[in-house]
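Work through the exercises below with the sequence and the structure beside you, and try each task before you read its solution.

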Amino acid sequence: MRTAIATQRAQNRTLWRKKDLLGLRTLSREEIELILNTAKSFKEISSRQIKKVPALRGKMVVNLFYEPSTRTRVSFEVAAKRLSADVINVAVETSSVRKGETLTDTGLNIEALKADIIVVRHNCSGAALMLARHLGISVVNAGDGWHEHPTQALLDIFTLQEKLGSLEGLRVVIVGDIAHSRVARSNIWGLTKLGAKVVVCAPPMLIPEAIEQMGVEVNHSIDDALREADAVNVLRMQFERDEGGAFPEQLDYFKAFGITRERLQKAKKNIIVMHPGPLNRGIEMSSDVADGQNSVILEQVTNGIAVRMAVLFLVSQGKEKS
Amino acid sequence: MKEKAKILDKAGIQKAIMRIAHEIIEKHKDAGDLVVIGIMNRGVFLAQRLAEAIAEITGINPSVGALDITLYRDDLSVIAEQPVVRASELLFDITEKKVILVDDVLYTGRTVRAALTELIDFGRPQFIQLAVLIDRGFRELPIRPDFVGKNIPTSQREVVEVRLEESDGVDEVVIMEKENGV
């Protein structure tokens, strides 16, 4: 216990100054590590008999979701409630957004209600940043277009660290629709800052041009990519976003890129299999892999709460505008 | 700040802990249900030493826990300096246990208030009693210690610093005085 306290102290010397969390691209390695270390402390709270601490008592968190989401919204809601904050969910389908109110106006109205933190998901890249610039209260990005989904990447990284320790030098494969994935982008920023080697894997049409500039390796063969990998993060195929028929057929995709037991047998024995959910069984991975011993999918869900508690707590202490 | 007086040295701290251990045993004949929980940081080191002293006397090793009260502070939204959150480590159930809560210095009583609220969120102990190495007065809440290493009269311009080998490399308690104009 003595050494645990000493290391915790040493790790947490960086301070958090920002009032918002918009993405991992703009964070330093130290800031990312501060969030992860704070999350480590918060994880214990969920195992208590009374799963609640009074840290954000009297604060109000507003979930403002312009895109359908259950798990991210519920995870933020649970996180806020474990910190004793009041939570309001704004369901956009039934709100005045349908009557033509702009995002900024909605944000200003929420600020006028004396909310303290807005958690926003929007289909436009940059929506969270725009809101953060116009408001004095904290903004947390819960996914903006194809841009970033920082808390998902943070919980993925938290889970990896829990399983593998330091990420320095590890090989992490991200497979799936890289081009349209904010989860991929945030993961790439975060993982590379922490020293991991990222390999992206997908059919060429789903990999954006010049992605190598983000410091990643591209591989079009999943068998090849898996061979040396320590972990594979399997993205959801967002077939509902496919408008022009650019996506492969579902069965073709599974044959070419689906994670199956046969494929894992040729990989490292303890390879970690992650998925941000919701999972399409039989398209992105087979059921025996999803439920198998390499899968950490449900641990990711549990860790998501600790990570989001850390983020809400830290931004509530931050003052610096974006 | 300059050092004004040394209150306890290594032997003094050791003696104080031993005496508190004896008082605890005298009061609670059955050490079986005792658990010792320290408030981070230095309270944890003192709790460990106290548990060792109790074990030396009774042969029974009480469990030791660590409490981080950051999230329970009543001044979280007003303090200028960002607090560091650490995990509490209570690897045992405190329900029906006799809890000895340990801290280094008792001053306003606000830290103890936070610790009591947090402890009760973990379970319902038989009772909680408070042991502190130093009681320096100036309570702002109706809280009093059950076991005290040393009472020392201070002024509010003074700061009591407990230094322990585990965290500071040396065992001593000193009074520091704020210099003029600070």
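**Exercise 1.** In which order do the 3 strands of the open sheet in chain B lie, and is the pairing parallel or antiparallel?

Before the solution, note that this is a predicted model, in which local features need pLDDT of at least 70 and side-chain atom pairs count only at pLDDT 80 or more, while totals for chains, interfaces and linings use all residues. Residues are numbered from 1 along each chain as its sequence is written, and chains are lettered from A and ligands numbered from 1 in the order in which they are written.

*Solution.* Strands here are DSSP runs of E with at least two residues, helices are runs of H or I with at least four, and both are numbered from the N terminus. The order in the open sheet of chain B is β1-β8-β7, with antiparallel pairing. The edge strands, each of which pairs on one side only, are β1 (2-8) and β7 (158-163) of chain B, where pairing requires at least two DSSP bridges between two strands. From one strand to the next, the twist averages 25 degrees. Between β1(B) and strand β8 (residues 172-177) of chain B there are 5 bridges, and B:Glu3 has B:Met176 in β8(B) as its bridge partner.

**Exercise 2.** Describe how helix α4 (residues 103-112) and helix α5 (residues 127-134) of chain A pack.

*Solution.* Two packed helices are described by the angle between their axes and the distance between the axes. Here the angle is about 50 degrees and the axes are 10 Å apart. α4(A) and α5(A) are therefore oblique to each other, since angles under 35 degrees count as roughly parallel, over 145 as roughly antiparallel, 65 to 115 as roughly perpendicular and the rest as oblique. The crossing of α4(A) and α5(A) is right-handed, a term used if the near helix is turned clockwise from the far one by less than a right angle. On the α4(A) side the contact is made by A:Leu103, A:Thr104, A:Gly107 and A:Leu108, and on the α5(A) side by A:Ala127, A:Met130, A:Leu131 and A:His134.

**Exercise 3.** Is A:Phe313 buried or exposed?

*Solution.* A:Phe313 lies in helix α12 (residues 297-317) of chain A. A:Phe313 has 27 C-beta neighbours inside 10 Å and so counts as buried, the cut-offs being 20 or more for buried, 12 or fewer for exposed, and partly exposed in between. Beyond its neighbours within four places in sequence, A:Phe313 is in contact (C-beta atoms, placed from the backbone, within 7 Å) with residues including A:Leu83 and B:Val85. A:Leu83 is 230 residues from A:Phe313 in sequence, yet their C-alpha atoms are 8.0 Å apart.

Note on methods. Axes fitted to C-alpha atoms, helices over the stretch in contact; angles between N-to-C directions. Contact = placed C-beta atoms within 7 Å.
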